[in-house]
Amino acid sequence: MDTLLKVEGICGGYDNKPVINNVSLEIKQADFLGIIGPNGGGKSTLLRLMSRALMPIKGKISLEGRDLARLSHKEIARKIAFIPQLTLINFSFTVWEIVLMGRIPHLSRMQSEGKIDFSIAERALSLTDTLNLRNRRIDELSAGERQRVIIAKALTQEPLLLFLDEPTSHLDIGHQVQILDLLAELNQKNNLSIVIVLHDLNLAGEYCKNIILLDNGEIFKQGTPEEVLTYQNIESLYKTVVVVKDNPVTLKPHVLLVPGNIKCKQE
Amino acid sequence: MKNKELPFGQKMHFPNASFGLKRKIILLAAIFILAVILGILKGSVNLSFLELISRENRQILHLRFARVILAIVASSGLSVCGIVLQAILRNPLAEPYLLGTSSGAGVAAVIALTLGAASFYIPFAAFIGAILTTLLVYYISRERGKIGVHSLILSGVIVSIAFSAIILFLLSTSERQTLHGISWWLWGNLEVFDYKLLFAVTLIVALGIFVTYLFSQDLNAISIGEEEALHLGVNVELVKKILLFLVSLITAAIISVCGVIGFVGLIIPHITRLVIGPNHRLLIPVSCILSSAFMLLCDSFARTLFSPSEIPIGVITAIVGAPIFIILLKKSEVK
């Protein structure tokens with residue numbers, strides 16, 4: 001399968017203090033890659049580097065074989081859509097206006113949306129089951145509804161890659177499953193490649209095809225959920241005692257925590 | 001699930017169902033036209049329509065036309081600048097004078113007056129003062145080559161306070177005549193002194209608004225958030241620089257001939273958003289119509305309320321604008 005994004009030995013961070021150290025990875029079509037790791041490990045920074053919200057200090061990233069650093073933001077936005085953790089919108093745009101903004105990378109400054117753009121936006125709304133919300137104001141929606149609208153906006157960009165930075169951290173368990181089911185469906189039916197930063201190890205284990213465990217800006221472990229989510233890996237990085245068992249229904253690894261066993265002074 | 005389930009009255013933003021929107025715009029345009037007619041018919045000198053169009057009053061008619069044009073130009077420019085700054089800074093309190101333009105122009109005008117410059121040169125001094133001050137504010141607020149939103153607000157406020165103090169100091173030490181010469185300016189004024197100057201300002205403001213309009217969709221994206229706009233392919237830093245440059249140019253041009261007319265650039269953007277929503281493609285043109293109507297009506301009050309003497313326009317915009325805004329705000333909360 002085609003390699004969409006290739007990351008070769010990048011270092012990067014803020015104020016020339018590298019948060020990410022010598023990371024290499026490849027994202028292929030229809031990948032579902034999870035990035036997990038302790039706080040401050042560089043998960044979000046890696047995602048920002050890969051979408052050029054941040055320029056790497058060292059290393060090279062190529063998007064479909066082209067150097068990411070040489071592409072304009074507009075060209076990148078036609079290939080990569082980015083969903084942040086929490087989108088706080090103070091202006092009361094309607095859902096329809098928000099979703100249409102996904103067409104910005106495809107239109108020139110003087111151009112307004114045409115029939116094709118409307119039908120793409122409408123399709124994104126129906127894929128995310130938000131058609132009934134389209135004339136509502138974005139600031140009136142619940143957190144779960146809003147996140148689905150933001151995903152619809154991202155789909156309207158018609159991206160090859162969808163980056164998400166902890167998109168479910170403010171949602172209850174029902175809405176978490178709803179969002180991730182939606183992503184899994186888009187991944188399977190539409191061949192959309194997904195890279196998702198997750199705090200919740202079990203969500204990562206359940207949905208991701210591959211997982212990167214990031215620690216101190218470096219890849220600590222990379223592989224299938226079964227390979228990465230072992231008690232040895234988790235215990236050594238998160239400094240706590242855990243038990244890993246299979247979910248009896250899906251047979252995916254689940255991390256169970258054991259209270260009162262913080263391993264601070266050991267090692 | 002089709003749009004049949006939608007509650008009534010929420011269809012206005014959908015392109016196929018914008019009847020409510022069209023009606024609102026037609027209503028605003030009608031108010032605007034009425035305000036223009038009122039602005040020409042009413043003035044500090046009371047003349048009937050027939051007297052006004054007669055040959056001997058030709059000059060008064062010309063002056064009134066010029067004044068109407070200046071009112072439209074100044075109010076449109078100020079409201080568009082307010083819209084841009086509120087979107088870029090994502091701050092509801094942002095207004096055109098936030099960048100220090102008003103106090104910078106004030107200092108320059110007072111210095112020019114104290115040095116005994118002819119009143120003809122005052123607008124030029126004010127324009128240069130405004131531009132230099134905004135450059136100073138940008139310079140202070142720059143963080144690693146980027147314009148920081150919070151530092152821009154802070155440096156604008158600090159520079160404004162410092163320059164206001166300088167204005168007060170200069171005025172307290174100057175002669176009475178200078179004081180009178182500058183007071184029209186600090187309170188705002190729509191009187192046209194020079195047709196060429198009016199033409200130049202109209203050109204700058206019209207071009208500025210037109211170019212700003214081309215960035216409507218970028219402004220929509222930036223008002224959601226800078227990071228979000230970046231991921232939609234908007235070159236945020238470049239767009240911010242271009243728009244801030246346009247804002248300071250427009251504000252400086254208006255301030256050089258009208259002085260400080262407060263409130264319009266702060267309130268009209270909010271009122272327009274309450275009426276038609278935050279989409280900049282509509283917001284920019286509709287705010288021009290709305291602000292012009294508002295300014296012309298305020299100016300009619302200013303000229304006729306205690307005629308033949310005039311009240312400073314800035315006083316009227318604040319006194320009339322505040323209650324209108326409060327009523328609209330309360331009404332939109334109830335909804």
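Does B:L136 count as buried, exposed or partly exposed, and how many C-beta neighbours does it have inside 10 Å? In this predicted model, B:L136 has 17 C-beta neighbours inside 10 Å and therefore counts as partly exposed, since a residue is buried only if 20 or more other C-beta atoms lie within that distance and exposed if 12 or fewer do.

**Contact between chains A and B**

- The two chains meet through 27 residues of chain A, which are in contact with 26 residues of chain B.
- On the chain A side, the elements that contribute two or more residues are α2 (73-77), β6 (80-83) and α3 (95-100), and of the elements involved α2(A) gives the most, with four residues.
- By residue class, the side of chain A that touches chain B consists of 15 nonpolar, eight polar and four charged residues.

**The six-stranded sheet of chain A**

- Six strands of chain A make up an open sheet with mixed pairing, and their order is β6-β7-β8-β3-β9-β10.
- The edges are formed by β6 and β10 (218-223) of chain A, each of which pairs on one side only, while neighbouring strands are turned by 15° against each other on average when direction is ignored.
- Elsewhere in chain A, β3 (residues 32-36) and β8 (residues 193-197) run parallel and are joined by four bridges; A:G34 has A:I196 of β8(A) as its bridge partner.

**The four-stranded sheet of chain A**

- A further open sheet of chain A contains four strands in the order β2-β1-β4-β5, and the pairing here is antiparallel.
- Because β2 (17-28) and β5 (66-67) of chain A stand at the edges with a single partner strand each, one side of each is left without a neighbour in the sheet.
- Five bridges pair β1 (residues 3-14) of chain A with β4 (residues 58-63) of chain A in the antiparallel sense, and A:C11 stands opposite A:K58 in β4(A).
- Helix α1 (residues 43-50) of chain A lies across β1, β2 and β4 of chain A, and this helix runs at about 120° to β1(A).

**Helices of chain B**

- The residue of the opening question, B:L136, is found in helix α5 (residues 122-141) of chain B; B:L136 and B:G104 are 32 residues apart in sequence, and their C-alpha atoms are 9.9 Å apart in space.
- Helices α8 (residues 195-214) and α11 (residues 236-258) of chain B pack with their axes 9 Å apart and at an angle of about 155°, and they are therefore roughly antiparallel to each other, given that angles over 145 degrees count as such.
- The crossing in which α8(B) passes α11(B) is left-handed.
- Residues making this contact include B:L197, B:V201, B:I204 and B:V205 of α8(B), together with B:L243, B:L246, B:L249 and B:I250 of α11(B).
- The contact of α8(B) with α11(B) comprises 12 nonpolar and two polar residues, with no charged residues.

How values were computed
Residues numbered from 1 in each chain as written. Chains lettered and ligands numbered in written order. Predicted model: local features only at pLDDT ≥ 70, side-chain atom pairs only at ≥ 80, totals over all residues. Contact = placed C-beta atoms within 7 Å. Nonpolar A, V, L, I, M, F, W, Y, C, P; charged D, E, K, R; others polar. Axes fitted to C-alpha atoms, helices over the stretch in contact; angles between N-to-C directions. Parallel < 35°, antiparallel > 145°, perpendicular 65-115°, else oblique. Left-handed = near helix turned anticlockwise from the far one by under 90°. Pairing = 2+ DSSP bridges.
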